[in-house]
Amino acid sequence: MERRSFLKKAAAGASVGAAVAAPALAADALPTLNWRLTSSFPKSLDTIFGASEVFAARVKELTDGKLNIRVFSAGEIVPGTAVLDAVQNGTVEMGHTASYYYFGKDPTFAFDTAVPFGLTSRQQTAWMLHGNGMKLMREFFAEYNVVNFLGGNTGTQMGGWFRKEIKTVADLNGLKFRVGGFAGRVLSKLGTVPQQIAGGDIYPALEKGTIDAAEWVGPYDDEKLGFNKIAKFYYYPGWWEGGAQLSFYVSKKEWDKLPKQYQAAIEVATHEAHNDMQAKYDARNPAALGRLLAQKINLKPFPQPVMDACFKAAQETFTEEVAKNPKFAKVYTDWVNFRNNQGQWFGVAEQAFARFNFGKALK
């Protein structure tokens, strides 16, 4: 009797021990992997480039140093606007970019970043995570053998730096403007000549007069890039980027080979990097704008007639693209309903609060 009792206890102990030991053994069996991530951005921009570093460091921590992701800036492996191709063709395992850089391949890419008169940062994240945004974009990216993840957001961007004042819609005619993706097509209806130039190449183009104006992100980044040294008219808002989302790309082939633990680590780390970027911009832009204003720049809103003309041109562009591009139309139908519903809600509480609250200073 005592022997049978002992054997039962020993068996129970062995099974408990096995249960405890199994995860440790499984963890030990996980492979050590070294991946490369190519960014669309220069290292000097610690906010937008830095998101990749935040992400890589967190993945390393979550995998006990077994999934190591080395981050490369724009130009070190491929140009900043070639990240999609690099991930798609297997040159690198990962990328960090703005999907609207690939507008020329298909305008549908823009929904993964921002489209004119679209969503704010919070609304974009809401559409991606709790609307149909991520589902629709994952279906779209699957055609490029890419798995996309949230990769940060800049918040509403500025309208850019101009050598000359923009007083009327006519002032946009013939203007050579560094502006990406969908905004370029919209502005071309008003006579603007859009130029898509990677972040690190904008300053020399503006300095040499190759372009007349340029937009990037906002005060913190724009100050770093030095645009205020060349162009003195700083316009707002960047109506084409109400909440510009960045994205991490993972090669579908490499993703499918990853252990589930590593996939989970990547998912968690992308969310952390996403939130961190927006917080950094919100924290750093106010002081940067103050420094720029101290240098006697001319901070101006786009005139109302210009905004109205751009809105009309944007709606015309959407209508044209929906009519000829079924992929775009599928996403647009869902996106525009979400956008309009958000507008009704945000107009009730958020905008009323902001209009009153931030027109006053507390003492």
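**Charges, rings and strands**

K105 is partly exposed, with a relative accessibility of 43%. That value comes from a predicted model. The side chain of K105 meets that of D85 in a salt bridge, with N and O 3.0 Å apart. K105 sits in the loop between strand 3 and helix 4, while D85 belongs to helix 3 (residues 83-88), so the bridge ties together parts that lie 20 residues apart in sequence. D85 has 30% relative accessibility, so D85 is partly exposed as well.

Side chains of opposite charge can pair when their charged atoms come close. How many salt bridges are counted here? The count comes to 20. One of them joins K135 and E139, with 3.1 Å from N to O. Both residues are in helix 5 (residues 133-141), four residues apart, so about one helical turn separates them. Is K135 buried or exposed? K135 counts as exposed, because its relative accessibility is 51% and the exposed class begins over 50%. E139 has 34% relative accessibility and is therefore partly exposed.

K327 and E143 form a salt bridge whose closest N and O atoms are 2.7 Å apart. This pair links distant parts of the chain, 184 residues apart. K327 is in helix 12, and E143 is in the loop between helix 5 and strand 4 (146-153). K327 is partly exposed, at 37% relative accessibility. E143 is partly exposed too, at 44%. Elsewhere, salt bridges with shared partners gather D46, K224 and R284 into one network.

Charges also meet rings. The charged end of R36 sits over the ring of F72, at 5.9 Å from the ring centre. R138 lies over the face of F149, 4.7 Å from the centre of that ring.

The structure has 35 aromatic pairs. In the pair of F117 and F311, the ring centres are 5.0 Å apart and the planes stand at 70°; the pair is edge-to-face because that angle is over 60 degrees. Where do the two residues of this pair lie? F117 is in the loop between strand 3 (94-97) and helix 4 (121-130), and F311 is in helix 11 (residues 304-324). F117 is buried, with 16% relative accessible area. F311 is partly exposed, with 40%.

The rings of F318 and Y332 make another pair. Their centres are 5.2 Å apart and their planes are at 40°, so this pair is tilted. F318 lies in helix 11 and Y332 in helix 12 (residues 326-346), 14 residues apart. F318 is buried, at 5% relative accessible area. Y332 is buried as well, at 12% relative accessibility.

Some rings join in a cluster. Ring pairs link F41, Y100, Y101, Y102, F109, F140, F141, Y144, W216 and Y249.

Six strands form an open sheet in the order 7-6-8-5-9-11, and their pairing is mixed. Which strands stand at the edges? Strand 7 (193-195) and strand 11 (298-301) do. Each has a single partner strand, so one side of each is left without a neighbour in the sheet. Strand 6 (residues 176-178) is joined to strand 7 by three bridges, and these two strands run parallel. Across this pairing, K176 stands opposite V193 in strand 7.

The walk ends at a buried serine. S52 lies in helix 2 (residues 50-62). Its relative accessibility is 0%, so S52 counts as buried. What does S52 touch, leaving aside neighbours within four places in sequence? S52 is in contact with L37, S39, V71, H96 and F248.

Methods. Residues numbered from 1 in each chain as written. Predicted model: local features only at pLDDT ≥ 70, side-chain atom pairs only at ≥ 80, totals over all residues. Heavy atoms only, no water. Phe/Tyr/Trp six-rings, centres within 6.5 Å; stacked < 30°, edge-to-face > 60°. Buried < 20%, exposed > 50% of the residue type's maximum accessible area, 1.4 Å probe, protein only. Lys NZ or Arg CZ within 6 Å of the ring centre and 35° of its normal. Pairing = 2+ DSSP bridges. Salt bridge = Lys/Arg side-chain N within 4 Å of Asp/Glu carboxyl O. Contact = heavy atoms within 4.5 Å.
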